[in-house]
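Okay, thanks for coming, everyone.

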Amino acid sequence: MKASIPILIGGRPLGGDAMPAIITPLVGRTRAMIFEEVAAIAPKKPNLLEWRIDFFEAIGDHQAVIDTALAIRQAASIPVLLTRRSVAEGGQSLAIDEAAVMAMYTAACQAKCIELIDYELSSAPADIEALRKVSRANGIGMILSYHNFQMTPDASTLDEKFAAAVRLGADVAKVAVMPHNDRDVLELLAATRRAREKHDLPLISIAMGGLGALSRIAGWIYGSSATFAIGQGCSAPGQIAIEDLRTALSIIRHAVLGESPGTPFGS
Ligand SMILES: O=C1C[C@@](O)(C(=O)O)C[C@@H](O)[C@@H]1O
């Protein structure tokens with residue numbers, strides 16, 4: 001089994017040796033709501049906090065974004081991933097346009113108030129290129145992502161999404177899709193496995209909804225380096241509470257990696 005490649009933050013693997021890293025979203029609309037979430041989530045020790053800034057009312061106010069990001073990091077001592085999810089890919093509608101979103105991401109990178117950003121592959125190529133430059137110049141990692149909340153595209157489309165993220169210089173390639181049946185989940189896992197064989201960068205892949213639970217718990221076996229779990233609020237269908245996820249992961253890790261303290265087979 002080819003190991004999943006860890007996501008690096010400041011040169012260190014996110015989550016240490018354990019696979020997968022656990023990411024919990026922050027979905028508060030106001031600074032006060034976000035801090036309530038941080039207070040509830042920090043003791044649960046996820047490896048990364050995803051600040052879903054499309055939920056944040058003050059998204060257009062750069063200083064508020066920077067101050068809040070710094071305060072989240074300080075309160076939780078957990079690295080922060082900044083994500084604006086577009087409406088087309090399952091996010092909230094915004095009061096600001098795409099140019100202002102770019103300006104917000106740029107200001108956050110320059111302030112170095114976050115460790116990672118998530119930007120969608122469907123964005124304008126010039127914007128992806130510009131954000132890649134500014135994130136790299138400031139030492140901020142970049143996830144290039146694709147989400148389909150309606151369905152699971154065919155195998156070649158899934159392959160192409162991972163490949164496009166690599167071509168465009170992503171540090172992490174991410175694909176999240178909606179399965180309609182158990183086969184769709186297998187397609188997502190198979191595409192993840194092919195991408196792991198072909199590309200030399202960390203991947204995140206998710207099949208959403210109840211059917212996709214297998215991908216959240218066992219996707220790391222196929223090459224996905226991180227999984228999203230509920231710390232306090234949910235940001236997508238099918239996310240599992242971090243406590244339940246950890247229980248499931250420890251059972252599977254023990255079985256798959258041979259870490260079980262049980263009697264050796266055959267003895
Ligand atoms: O892209 C992802 C994955 C996700 O959609 C999920 O299914 O867990 C949750 C989002 O917050 C995140 O940005």
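Let me start with a question: is R216 buried or exposed? R216 counts as buried, because it has 23 C-beta neighbours inside 10 Å. The cut-offs go like this: a residue is buried with 20 or more other C-beta atoms within 10 Å of its own, exposed with 12 or fewer, and partly exposed in between, with C-beta atoms placed from the backbone.

Quick housekeeping. This is a predicted model, so local features need pLDDT of at least 70, side-chain atom pairs count only at pLDDT 80 or more, and totals for chains, interfaces and linings use all residues. Residue numbers run from 1 along each chain as its sequence is written.

How confident is the predictor? pLDDT is its confidence in each residue, from 0 to 100. The protein chain averages 95, and 97% of the residues score at least 70. Residues 263–267 are another story: pLDDT there is below 50, and beyond near neighbours in sequence the stretch has zero contacts in the model. Contact here means two C-beta atoms, placed from the backbone, within 7 Å. For the complex, the predictor gives an ipTM of 0.98 and a pTM of 0.96.

Now the ligand. There are 15 residues around the ligand, and A176, I206, F228, S235 and A236 come nearest. "Near" means a C-beta atom, placed from the backbone, within 6 Å of the molecule. Two elements give two or more residues to that shell, β4 (48–52) and β7 (141–148). Those labels are DSSP runs numbered from the N terminus: helices are H or I with at least four residues, strands are E with at least two. By type, the shell divides into six nonpolar, five polar and four charged residues. Nonpolar is Ala, Val, Leu, Ile, Met, Phe, Trp, Tyr, Cys and Pro; charged is Asp, Glu, Lys and Arg; the others, Gly among them, are polar.

On to annotations. An unreviewed UniProt entry puts "active site" at H147 and K174. They are spread over 28 residues of sequence, yet they cluster in space, with a largest C-alpha distance of 8.4 Å. UniProt positions are in the numbering used here, feature names are shortened, and annotations may be inferred rather than shown by experiment.

H147 is in strand β7, and it is buried because 23 C-beta neighbours sit inside 10 Å. Leaving aside residues within four places in sequence, H147 contacts E89, G90 and A176. A176 is also one of the residues that come nearest the ligand. K174 is in strand β8, residues 172–177, and is buried too, with 24 other C-beta atoms within 10 Å.

E50 is in strand β4 and counts as buried, with 23 C-beta neighbours inside 10 Å. Back to R216: it lies in helix α7, residues 213–222. Beyond four places in sequence, its contacts are I206, T227, G238, I240 and L245. I206, again, is among those nearest the ligand.

Last one, S86. It sits in the loop between β5 (80–83) and α3 (98–111), and is partly exposed, with 17 other C-beta atoms within 10 Å. S86 and H147 are 61 residues apart in sequence and 9.7 Å apart, C-alpha to C-alpha.

Technical notes. pLDDT = per-residue confidence, 0-100.
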